[in-house]
Amino acid sequence: MDMRTCAAFGFILFASYIVGGAMGNTNVHRARDVTWSSHNFKTLLTWGPKPTDYSYTVEFYGVGKDRERTRHCIRSKETECDLTGSLLNLKDTYYADVLSEPEMGASDLVEFPHSTSQKFCPYTDTLIGRPDFKYEVDKARNKITLFIQDPLSAISKDDRMLNMRDIFKDDLKYKVTYHRARSTGKKTKTTATNEIEFDAEDGDSYCFTVQAYIPSRSRRMQLGEMSLPQCSPSQRPKTILDEFGLGVIAGGLLMVVVVAISVISLIVVCCRRRRASAGSGKDAEPLNLA
């Protein structure tokens, strides 16, 4: 081995030692559990662990498109990145890479450890929040009409927050679950509009819940969050059962039975004592010897 070869070999060993030492002093962890979470199109990317002497940078990209970054998620110490305003094409499929980057000058690596997310499409994967609704009762027709309000999204356009109807258009439907207030049996009805009408048989009270329904989605993501329940007032005259409840009526009947049994028992005891007293008087009557 000549001098030039020895010198080159020595330089390589020295460079490896320097780079290895630098990396050995830098505790850089690859991101774990990279997860999308999206509610009403507010979309967050989360991961772990919390960094110490390094930071994270997020790169995202649509399929077949260039990588992009958002300035809030470059060399960040956070483990969350809000990409709501960055995923502009809602029907595109996106991926995200989370890069673990040592502090400036702490490493000579060109490519840093990174983790890739699962695919995510805002249009098909965001969870739709619970809608609000009001109802009107038509006593003359025995009808109940629900008026459903579209949930707002986290996306704005022309200085206005878009609602779910603005985004999904005819894809958006609503599923209503309902039952008589006095019954546990539930039924469902679907509407493509924001109004739906029900028959209120015999003026009964009915309870309703509403949730968004997107049939074009995968079965797991078709239904949104369920609304808070609302019950219409009953339009029929109240019976004793409605007024006091089964428990109160049963308790009253039991009390009447107990009182009746007590009275009957007392009468029986009194009669027996009277008979016993009458029998004793006859036995004590003196003999008439005349």
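Cys271 is partly exposed, at 39% relative accessible area, where buried stands for under 20%, exposed for over 50% and partly exposed for in between (1.4 Å probe, protein chains only). Cys121, by contrast, counts as buried at 8% relative accessibility. The model is a predicted one, so local features need pLDDT of at least 70 and side-chain atom pairs count only at pLDDT 80 or more, while totals for chains, interfaces and linings use all residues. Residues are numbered from 1 along each chain as its sequence is written, and side-chain values use heavy atoms, with hydrogens and water left out.

Now for the chain as a whole. Four helices and 15 strands make up its list of elements; these are DSSP runs numbered from the N terminus, with helices being H or I of at least four residues and strands being E of at least two. Of the 290 residues in the protein chain, 33% are buried. Among contacts (heavy atoms within 4.5 Å) between residues at least 6 apart in sequence, 61% join residues at least 24 apart. The accessible surface of the protein chain is about 19,300 Å², and carbon and sulfur atoms account for 56% of that; the areas come from the Shrake-Rupley method with a 1.4 Å probe, and for residues only the protein chains shown count as cover.

Next come the disulfides, counted as pairs of cysteine sulfur atoms within 2.5 Å. By this rule there are two, and with the bonded cysteines numbered in sequence order the pairing reads 1-2, 3-4. One joins Cys73 to Cys81, with 2.1 Å from S to S. The torsion about its S-S bond is about 100°, so this disulfide is right-handed. Cys73 is buried at 5% relative accessibility, and Cys81 is buried too, at 0%.

Cys207 and Cys231 form a disulfide as well, with an S to S distance of 2.0 Å. Here the torsion about the S-S bond is about 105°, so the disulfide is right-handed. Cys207 sits in strand 14 and Cys231 in strand 15 (residues 230–231), so the pair ties together parts that are 24 residues apart in sequence. Cys207 is buried, with a relative accessible area of 9%, whereas Cys231 is partly exposed at 41%.

Then there are the nonpolar cores, each a set of buried Ala, Val, Leu, Ile, Met, Phe, Trp, Tyr and Cys residues joined through side-chain atoms within 4.5 Å. The largest has 26 residues, and Leu146, Ile167, Phe168 and Phe208 touch the most other members. Two or more residues each come from strand 8 (143–149), helix 3 (164–168), strand 11 (173–180), strand 13 (195–199) and strand 14 (206–213). Strand 14 gives the largest share, four residues. Leaving out residues up to four places away in sequence, Phe208 touches a list of residues including Phe133, Leu146, Tyr178 and Phe198. Another core lies apart from this one, with 18 residues, among them Tyr54, Cys81, Val98 and Phe120.

Strand 1 and strand 2 (residues 42–48) pair over six bridges, in the antiparallel sense. His39 stands opposite Lys42 in strand 2.

Conventions
Two strands pair if DSSP finds at least two bridges between them.
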